[in-house]
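I opened this entry to record what I looked up, item by item.

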Amino acid sequence: MPKIMEKRLRIAIQKSGRLSDGSIELLKSCGISISKGKHKLKSISNNFPIEILYLRDDDIPKYVAQNIADIGIIGQNVALEKGSELTISKHLGFSRCRLSLAIRREEDFNGLAWLNGKRIATSYPVILQDFFTQNNITAEIEEISGSVEIAPGIGLADAVCDIVSTGSTLMMNGLKEVYTVMKSEAVIVQSDVIDPVRNQILSKLLFRIDAVRKAKANKYILLNAPNDAITRIIEIIPGMKSPTVLPLAQEGWSSVHSVVAESDFWDVIDSLKDLGAEGILVIPIEKMMVN
Ligand code: PRT
Ligand code: ZN
């Protein structure tokens, strides 16, 4: 057995919550099979050298910092609040949310100076204090661990700094979002001291994650176009290196194969149609290895 199979990379993920499904799906989309019993605290993969530890998200930074796990998947908000000694090695694009300041709906917010002298309830005292320092605000931070949004209603605070996704929790509690302190998504955090063999496994995992994420962000596109439009079409869909252009049996026409970013997909299709492209097919890409 090659040496790299002897050790396993230890990955801490959230046991149950808003990060769990995304974390498991990410590993599975990288071709890693995981069998998890319902109440298991640990599991291993039989086709990739990893061991998974299932933990509360707030505890993950500590486990990684203490080298009990090599890497962890957590929200950027938790990474910044509790993982200052860790490095973020990859942004993962799921569990997106923001950490925002919110005040009572009936109050007028005239900018950040409104916060001076006020009391703000949050579960993120470190991030909030940094934000206050950077913005020269003097306010009192009331640290609470849950149900932050009820604090203004029960007279515990003048405002809150809490995680927002759709905004409905704030609305239901008579609050309005007035300022985004930070945006967050799931990230991989790692300690700076990873055993070299485990570090090689991590590099392989990060390579696979890149391939899966790039594939999701792009589509494969095939179309037919008159030859005199090909130069301009290539400018619009340059692809990974350059598009494949093949002559069609019909004189004066070619088929073009390329890759297009999901983000500007519809604009690109409109431009291609304006240039005379026909028979446009768009196909999902499963994995995309660039370099
Ligand atoms: O049990 P454990 O400690 O592991 O989990 P947890 O309850 O602390 O965390 P969990 O599962 O709620 O969230 C894990 C991570 O998901 C967070 O650290 C964020 O990075 C991310 N995330 C994404 C969210 C949300 N969306 C979210 N909507 N975390 C929390 N919320 C809560 C928020 O606290 C508020 O109560 O949802 C409410 C707001 O949602 P909206 O849609 O009403 O705005
Ligand atoms: Zn938590």
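The model I am working on is predicted.

**Second largest pocket**

With that definition in hand, I listed the residues that line the second largest pocket: G22, E25, L26, S29, L92, G93, F94, V212, R213, K216 and A217. I then asked which elements give two or more residues to this lining, and found α1 (20-29) and α6 (196-217). By class, I read five nonpolar, three polar and three charged residues in the lining of the second largest pocket. Its space comes to about 220 Å³.

**Largest pocket**

I noted a volume of about 1,100 Å³ for the largest pocket. Its lining has 39 residues, and I found R18, N77, Y124, D162 and I163 to lie nearest the centre. Two or more lining residues are given by each of α3 (76-82), β9 (159-164) and α5 (168-172). Which element gives the largest share of this lining? I found that α3 does, with four residues. I sorted the lining of the largest pocket into 11 nonpolar, 16 polar and 12 charged residues.

**Zinc site**

Next I looked up ligand 2, a zinc ion. I found D57 (OD) and D58 (OD) coordinating the zinc ion, at 1.9 to 2.1 Å. Why do I call the arrangement irregular? The four donor atoms subtend angles of 77 to 165° around the zinc ion, whereas a tetrahedral count needs all angles between 85 and 135 degrees. D57 counts as buried because its relative accessibility is 16%, and D58 is partly exposed, with a relative accessible area of 28%.

**Cysteines**

I counted zero disulfides. The cut-off I applied is a pair of cysteine sulfur atoms within 2.5 Å. For C97, the closest cysteine sulfur is in C161, at 11 Å, so the sulfur of C97 is too far from it for a bond. C97 counts as buried, because its relative accessibility is 17%. I looked up C30 as well: its relative accessibility is 4%, so C30 is also buried.

**E51**

I placed E51 in strand β3 (residues 50-55). At 18% relative accessibility E51 counts as buried, since the limit for that word is under 20%. I also took the separation of E51 from E25, a residue 26 positions away along the chain. Their C-alpha atoms are 16 Å apart.

**Positive phi**

I looked up phi at two sites because most residues other than glycine have a negative phi. For N136 I read a phi near 55°, a positive value in a residue other than glycine. N136 is in the loop between α4 (125-134) and β8 (140-143). Is N136 buried or exposed? I marked N136 as exposed, because its relative accessibility is 69%.

For S147 I read a phi near 50°, again positive in a residue other than glycine. I found S147 in the loop between β8 and β9. Its relative accessibility is 45%, so I marked S147 as partly exposed.

Key:
Residues are numbered from 1 along each chain as its sequence is written. Chains are lettered from A and ligands numbered from 1 in the order in which they are written. This is a predicted model: local features need pLDDT of at least 70, side-chain atom pairs count only at pLDDT 80 or more; totals for chains, interfaces and linings use all residues. Side-chain values use heavy atoms; hydrogens and water are left out. Buried means under 20% relative accessible area, exposed over 50%, partly exposed in between (1.4 Å probe, protein chains only). Donors are N, O and S atoms within 2.8 Å of the metal (3.2 Å for Na, K and Ca); water is not among the atoms, so sites may look incomplete. Four donors count as tetrahedral if all angles lie between 85 and 135 degrees; four count as square planar and six as octahedral if opposite donors are over 155 degrees apart and all others between 65 and 115; anything else is irregular. On a 1 Å grid over the protein atoms alone, a cavity is a set of points where a 1.4 Å probe fits but cannot get out, and a pocket is an open set with protein on both sides within 12 Å along at least five of seven lines; lining residues have an atom within 4 Å of a point. Grid points are joined across faces, edges and corners, and a volume is the space filled by probe spheres set on the points. Ala, Val, Leu, Ile, Met, Phe, Trp, Tyr, Cys and Pro count as nonpolar, Asp, Glu, Lys and Arg as charged, and the others, Gly among them, as polar.
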